[in-house]
Amino acid sequence: MRRYLPILDWGRSYNRASLTSDLIAAVIVTIMLIPQSLAYALLAGLPPEAGIYASIAPILLYAVFGTSRALAVGPVAVVSLMTAAAVGEVAAEGTAGYASAALTLAALSGGILMLLGLLRLGFIANFLSHPVISGFITASGLLIATSQLKHILGIDAGGRTLPEMLAGLWRHLGETNPVTLVIGICATAFLFWARRRLRPALARLGTPPVLADVLTKAGPVAAVVVTTLAVRLFDLDARGVAVVGVVPQSLPPFTLPGLSPELIGRLALPALLISIIGFVESISVAQTLAAKRRQRIDPDQELIGLGAANLGAAFTGGYPVTGGFARSVVNFDAGAETPAAGAFTAIGLAIAAVALTPLLHDLPTATLAATIIVAVLGLVDLSILKKTWAYSRADFTAVSATIAVTLLVGVEAGVASGVGLSVLMHLYKASRPHVAEVGLVPGTQHFRNINRHDVVTSERLLTLRVDESLFFVNARVLEDLIQRRVTEGCAITDVVLMCSAVNAVDYSALESLEAINQRLRDMGVGLHLSEVKGPVMDRLAATALIRELNGRVFLSQYDAWAALSKNRAAQA
């Protein structure tokens, strides 16, 4: 049971010290999450309470099924943007159908994640390369920040791609509300200052580090309180300042997602993309934090935990969620010892949903937009372009294409292109395996590339080190290379394939090896294998290749060198 319910593992050793640490972390994260949850719901095109609802049941369920001790699950910027893009294609924002579609998206995402976890398919995250993920998140951050400028300006502008957003802002720029603009600029400036300068300023005043950290994390709350009071005291909503309005004063309701075949069909692909992106982001954060405490993360169980969290969101008025980087780091730094910290955070948010929501009526949407902008600009990493250009032009091309497609076409196309480019890059590299001709390093039993080292070679012996598993994509490359190297009239009498880096040989590659063996036999040249790994040899042992091999299988390359050199010398 502990395999599927990790709470039974960490719960057994739970003690008073852990309780204290988890409670402190929960207070800090709750303070951070209240304005952040409201802001991300705004980004997703949903009522503000949806952000709070999506941060209660999902956290509780992840605490039961998740394996990370510090991961904080809930709405995040990128998934909120993807939700808005997907749901906006099937329903108009602000309608009941829009909210219902968001629930369906969460349910589909949860079902996909649960299925992948039960089938132990956590390895799918490896199909998205880090540069591509970084490019997608960078482009998404730029899109999110741009989409919030309309709230800062107090205008009505739409668009789902960067050109559309910029064009909409330009068309309506003359309608800017000056009061809203002042609130937006002041809130944004304060939040940037609080993020970078508040903690050092408090330290200079002699504030204890723990208190300084709490006050810094409470920066968004301070912005919410001050701007809400300003609207209420000066009646700014009458001057055109958009406010949150009525927020239901209740716990998350029981909701049922729409399950019509047409709706499921239209949201299935976006749900899959959200699941993959959410899982990759979450597992990266979880593994990074776990490594600092020498803890273990089970990717397959993480899929189940995130799946349960999304299903919880679907039935409690939320929308798709995943593990957030910023809140997880805050949770970790605040001293969270177990997932119970997340459960306490959920309790704090439930109290806020019941007791504090009436106070949010006059909260300016410009303040929530400022919260989003400050949060997502930290995700933008344009240096990845410079780094990949310097190291790998192929990775640079993939990153550039992902950023361009995301900005110019949309987030779904950006994710799809990123996945496609990652797979194509892998296949392209695998289809061109590195095969080195090696020779003996004098005075040793080591063999190295003849183009990089001074080594001893023999004109009669050709040794090729294959640095890749052999399968259908690259099988013919080795065949063509040997055919070019062993030509009529050359002095080569033996070919050795050094297989120390070959982890697998599929059937297509086996047929190529058999063809090589037959061709060399006809030419009077021996084919030998050396340093074949046990699992690979187990598969090859019963094949015609080994039975009809025009040579021998050697335990080490040095054994092959010594035996074949001696044989040829004796024949000479």
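1. The sheet is open and has 6 strands in the order S4-S3-S5-S6-S7-S8, with mixed pairing (strands pair if DSSP finds at least two bridges between them; strands are DSSP E runs of at least two residues and helices H or I runs of at least four, numbered from the N terminus). Its edge strands, each pairing on one side only, are S4 (447–449) and S8 (553–554).

2. This is a predicted model, in which local features need pLDDT of at least 70 and side-chain atom pairs count only at pLDDT 80 or more, while totals for chains, interfaces and linings use all residues. Residues are numbered from 1 along each chain as its sequence is written, and side-chain values use heavy atoms, without hydrogens and water.

3. S3 (residues 435–440) and S5 (residues 461–466) run antiparallel and are joined by 3 bridges. Glu437 has Leu464 in S5 as its bridge partner.

4. Helix H21 (residues 475–485) packs on the sheet, touching S3, S5 and S6 (494–498) (contact means heavy atoms within 4.5 Å). The direction of H21 makes about 160° with that of S5 (axes are lines fitted to C-alpha atoms, for helices over the stretch in contact; angles run from 0 to 180 degrees between N-to-C directions). Helix H22 (residues 507–522) also packs on the sheet, touching S6 and S7 (526–530), and its direction makes about 140° with that of S7.

5. Helices H7 (residues 130–147) and H19 (residues 393–408) pack at about 30°, with axes 8 Å apart. H7 is therefore roughly parallel to H19 (angles under 35 degrees count as such).

Conventions: Parallel < 35°, antiparallel > 145°, perpendicular 65-115°, else oblique.
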